[in-house]
Amino acid sequence: MAGILAWFWNERFWLPHNVTWADLKSTAEGSFPQAQDLYLALPLALCILLARLVFQRFIARPCALSLKIQANGPQRAQPNAILEKVFTAITKHPDEKRLEGLSKQLDWDVHTIQRWFRQRRNHEKPSVLTKFCESMWKFTFYLYIFSYGVRFLKKVPWLWDTRHCWYSYPYQPLPSDLHYYYIVELAFYWSLIFSQFTDIKRKDFAIMFLHHTATIALLMFSYINNMVRVGTLVMCLHDASDFLLEAAKMANYAKCQRLCELLFIIFSLVFISTRLGLYPTWILNTTMFESWEIVGPYPSWWVFNLLLLLLQLLHSFWSYLIARIACRALARGKSGKWNPLHVLKDDQSDIESSSDEEDSTGSAAANRRYIGATNGTNGYLSGGVYLEEH
């Protein structure tokens, strides 16, 4: 075990040439990032989860009810032991052959059985009230952490001149407010990892789990080798659009059509301008070129920049998905009202419609199947569109 730890914490990987861990030990004269500081994020993540439960119960829920957001879920399917056994043990989406067999066994027509499975699937979906409360919590945290980041960064020189991220590196003291910023952000992403198993289940569960894991890895990586200055720029830039997305989702759930449209447009502009504009010209420029000139490359420098470049590829993919959603929504708007969060189900994965799929007939049912039960983004986009990314 000692050999493995010695290999993992090899100074020649983590630190520039002629720098040792002993050089970065905190003293009375100044403190530096210490790997053991990262353990603080775990108990803090549990506190954040507790705060979330309290917030959703006593703040978000009353707000949702005041907006007349429904607390009841979709219509329940009538009890049937045979269909329930098929649903729980075999498949939630029976094919045509199985539907015909069940029709003969129960003496029900195929349409009735299809309706039962649809209602049963919808029963497992959370209510709009639940989704609104989740979005309101994320909106509140994202707005808070973005505001904190802006207040902190406007006082430091590396916001205005990114070369200050590398002057005297890695002998850069760690201010208490920067330490707080990093640990709280890290704890929040740990809380997202934990809560993913109890939150609204989405198609992009695996992708978002990997995304949160990668975000945590980047935060920890940059903290350990004291790249926290440029790390704060990356965090603040990514936080700039997240709260706008959650606000658009809340407007969607509250059926505030015009507000939803406006917020989605603002979110799209901010997301694309920060991820495709500021990120490569501001962040990648300083991590790849200014740091090379001032500090020079070393092994962890290459790894860090590789991860940031991979993040840029994700930004490009997510921006493409957002643009496609906006274009399709605008195209459909030519024949009536449009909602950017009501695009094709296959295009989105986190913004969900304020109406669940229910059984009905005629053109109304067709329209609901067309725009209902959709998903979208939360800071990141994924197999559909998830914007919730860092």
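Predicted model: local features only at pLDDT ≥ 70, side-chain atom pairs only at ≥ 80, totals over all residues.
# Group meeting: a helical chain and its salt bridges

Glu134 and Lys138 sit four residues apart, about one turn of the helix, and both belong to helix H7, residues 128-153.

How far apart are the closest N and O atoms of Glu134 and Lys138? They are 3.2 Å apart, and the two residues form a salt bridge. Buried or exposed, then, for Glu134? Glu134 has a relative accessible area of 4%, and since buried means under 20%, Glu134 is buried. Lys138 also counts as buried, at 4% relative accessibility.

Now the next helical pair. Lys249 and Glu246 meet through their side chains in a salt bridge, 3.3 Å from N to O. Both are in helix H11, and because they are three residues apart there, about one helical turn separates them. Lys249 is buried at 1% relative accessibility, and Glu246 is buried at 0%.

How many helices and strands does the protein chain have? There are 14 helices and zero strands. The protein chain has 390 residues, and 50% of them count as buried.

On to how two of the helices pack. Two packed helices are described by the angle between their axes and the distance between the axes. For H9 and helix H10, residues 205-224, the axes come within 9 Å and cross at roughly 155 degrees. That makes H9 roughly antiparallel to H10, because angles over 145 degrees count that way. The crossing of H9 and H10 is left-handed.

Glu261 is in helix H12, residues 257-294. With a relative accessible area of 8%, Glu261 is buried. Its C-alpha atom is separated by 10.0 Å from that of Ala329, although Glu261 and Ala329 are 68 residues apart along the chain.

Next, the backbone in the loops. What kind of peptide bond joins Tyr169 and Pro170? The bond is cis, with omega about 5 degrees. Pro170 lies in the loop between helix H8 (157-160) and helix H9 (176-195).

Asn18 is not a glycine, yet it has a positive phi of about 70 degrees. Asn18 is in the loop between helix H2 (11-14) and helix H3 (41-66), and counts as exposed at 60% relative accessibility. Lys68 also has a positive phi, near 65 degrees, and is a residue other than glycine. Lys68 is placed in the loop between H3 and helix H4 (81-89), and at 75% relative accessibility Lys68 counts as exposed.

Last, the start of the chain. Which residues make the nonpolar surface patch of about 640 Å²? They are Met1, Ile4, Leu5, Trp7 and Phe8. Ile4 is in helix H1, residues 2-8, and Ile4 is exposed, with a relative accessible area of 53%.

That is the end of my part.

Terms used. Residues numbered from 1 in each chain as written. Heavy atoms only, no water. Patch = residues over 30% accessible without salt bridge, like charges linked within 9 Å, V, L, I, M, F, W, Y side chains within 5 Å. Areas by Shrake-Rupley, 256 points an atom, 1.4 Å probe, with all protein chains shown as cover. Salt bridge = Lys/Arg side-chain N within 4 Å of Asp/Glu carboxyl O. Helix = DSSP H or I, 4+ residues; strand = E, 2+ residues; numbered from the N terminus. Buried < 20%, exposed > 50% of the residue type's maximum accessible area, 1.4 Å probe, protein only. Axes fitted to C-alpha atoms, helices over the stretch in contact; angles between N-to-C directions. Parallel < 35°, antiparallel > 145°, perpendicular 65-115°, else oblique. Left-handed = near helix turned anticlockwise from the far one by under 90°.
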